[in-house]
Amino acid sequence: MTKGLKSTNYQFEGQTKKYTGKVRDVYEFENQLIMVASDRISAFDVVLPEPIPYKGQVLNQIAARFLEATSDIVPNWVDTVPDPNVTVGKRCEPFQVEMVIRGYLAGHAAREYKAGKRQLCGVALPEGLKENDKLPEPIITPTTKAHEGHDEDISREEILAKGIVDESLYVQLEDYTRKLFQRGTEMAAERGLILVDTKYEFGMYDGKIILIDEIHTPDSSRYFYQDTYQELQDKNEPQRQLSKEFVRQWLISEGFQGKEGQSVPDMSEEKIKSISERYIELFEKITGDSFDRVPTEDIEARIQSNIEKSIKLQ
């Protein structure tokens, strides 16, 4: 079976710190970050026990493409992509909120609406919506940025009242979020897709707001197929979608939603392979390019070599 990259443990010249996130290993330097996209996969804020081959490459390369395609809207953190699984960029001071924007009533928003809530992060939702309906206009529903455990919904008013982000900066974050979502929507339409919802993360670098992390990937975004959207809505049938939702739905069907006392279901080789193939399908549909399966036999050594070459060129 093809090998997945579960973790890395390098020590590079000039490295000051290493941080292990849910799915990435981040190596910190004085002014730069080296972000290694592992093949770990998380759902319901829990890291699943087995890595998914090629997942890290898929996400890293999609993110690089969309960051480049939106750099005229807001500058981003990327300096170079020296390896299919690696991005090197500016070390920013991140804002402690994630800017979630939704154009449709899907996922978490749909679950909250179904439970009877008509406000999400302080934003009023109209009556009479059904799951996956298009919202009257895109809404921003921020979350707190948790290093461990669950991110929590938070309203604009709470963010400002608690001083999490200065108001003048937050207004700019909202503006960037709407413009990025519009660009993502236009690019998705070119591929016959609908960008349903997504999230953006920002930081400060040299006194400026910088777009950080990944954008418009299937882990941070949800896409529907445009050609069958209206027909499926009219029939009250589930939408065909490109996102990590298929993993969440499998876990839910196995009785796992990350709640206390629940156990992560076993991941067979067949299940791991099927998830890997779905991620590759997502890459090809979102980008329009064929996916280049980079050999994984010596993946740790390859990544280390490419990072070290990149460091020497700095």
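Guide: Let's start with a term: a residue is called buried when its relative accessible area is under 20%, exposed when over 50%, and partly exposed in between, using a 1.4 Å probe and protein chains only. This is a predicted model, where local features need pLDDT of at least 70, side-chain atom pairs count only at pLDDT 80 or more, and totals for chains, interfaces and linings use all residues. Residues are numbered from 1 along each chain as its sequence is written, and side-chain values use heavy atoms, leaving out hydrogens and water.

Visitor: How many helices and strands does the chain have?

Guide: Helices (H or I, at least four residues) and strands (E, at least two) are DSSP runs, numbered from the N terminus. Here there are eight helices and 17 strands. The radius of gyration, taken over C-alpha atoms, can be set against the globule rule, 2.2 Å times the number of residues to the power 0.38. For this chain the radius is 19 Å, close to the 20 Å that the rule gives for 314 residues, so the chain is as compact as a globular protein of that length.

Visitor: What percentage of the residues in the chain is buried?

Guide: Buried residues account for 51% of the 314.

Visitor: Which residues of helix 5 are buried?

Guide: First, the general idea. An α-helix has 3.6 residues a turn, so residues three or four places apart point the same way. In helix 5, residues 226–234, the buried ones are Thr-228, Tyr-229, Leu-232 and Gln-233. Seen down the helix axis, these buried residues fall within an arc of 135°, so they line one face of helix 5. That arc is the one made by the directions from the helix axis to the C-beta atoms.

Visitor: Which exposed residues does the face turned away carry?

Guide: Look for Asp-227 and Asp-234 there.

Visitor: What do the buried residues of helix 5 pack against?

Guide: Contact means heavy atoms within 4.5 Å. The buried residues of helix 5 pack against strand 9 (97–104), strand 12 (134–140), strand 14 (193–205) and strand 16 (221–225). Just after helix 5, Asn-236 takes a positive phi of about 55°.

Visitor: Now a loop residue: where is Ile-52 found?

Guide: Ile-52 sits in the loop between strand 5 (46–47) and helix 1 (55–69). Ile-52 is buried, and its relative accessible area is 0%.

Visitor: Which residues does Ile-52 touch, not counting those up to four places away in sequence?

Guide: Ile-52 touches Asp-39, Ile-41, Met-267, Ile-272, Ile-275, Ser-276 and Tyr-279.
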